[in-house]
Amino acid sequence: MNCEQCGEQAPDDANFCPSCGSALRAAATATPRESKKTDDTTASLEIGALDPEHEVVDLPDLAAGTGMLVVVRGPNAGSRYLLDRPETSVGRHADADIFLDDVTVSRRHVTLRQTDHGIVLHDNGSLNGSYVNGDRVEERHLATGDEVQIGRFKLMYVGGGGGAP
């Protein structure tokens, strides 16, 4: 199915566009009760083993202090998100800078902040937690090659210049 707002291709079972976050027609035709169930609950998730190393090619050169998340597992695998703002929100809320459409993701799951030493991931009290390289974390400086797990999504972090202190 295609998003009516931006025209981007979206998985048939998605409620929101992975590109712009707009509600998709299938979600709009749901009854108010179904809609509330999807928006107000977060399913629990059993965390599996760390995936083998992922190889990501054709990455752009990144400026120091910026970074990129590449989805390596999840409905929008292959998507790339440039982290070039002072703060980037990640979650299931339609207003999130990085929208991850799955009930295992909290509405405001994590915040990614730029620092003088690179990008810091901060979990916002999510139900399922945030994981870096298989370890549950509240806050962590990210380093190139780190595997970040948010709900069922696994993302690889690639940093530009400056690493963790």
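Residues are numbered from 1 along each chain as its sequence is written. Because the model is predicted, local features need pLDDT of at least 70 and side-chain atom pairs count only at pLDDT 80 or more, while totals for chains, interfaces and linings use all residues.

Going from the N terminus, the elements run α-α-β-β-β-β-β-β-β-β-β-β-β. Of the 165 residues, 38% are buried, which means under 20% relative accessible area with a 1.4 Å probe, protein chains only.

Next, select Leu 69, Leu 112, Leu 142 and Ile 150, which touch the most other members of the 20-residue largest nonpolar core, a set of buried Ala, Val, Leu, Ile, Met, Phe, Trp, Tyr and Cys residues joined through side-chain atoms within 4.5 Å. Among the strands that each supply at least two residues of this core are E1 (67-73), E5 (110-115) and E11 (153-159), and the largest share, three residues, comes from E11.

Stay on Ile 150 and show its surroundings: leaving aside neighbours within four places in sequence, Ile 150 is in contact (heavy atoms within 4.5 Å) with Val 90, Leu 100, Val 105, His 109, Val 110 and Leu 155.

Finally, select Thr 66, in the loop between helix H2 (32-40) and E1. Thr 66 is buried, with a relative accessible area of 11%, and its C-alpha atom is separated by 6.9 Å from that of Ile 119, 53 residues apart along the chain.

Terms used
Heavy atoms only, no water. Buried < 20%, exposed > 50% of the residue type's maximum accessible area, 1.4 Å probe, protein only. Helix = DSSP H or I, 4+ residues; strand = E, 2+ residues; numbered from the N terminus.
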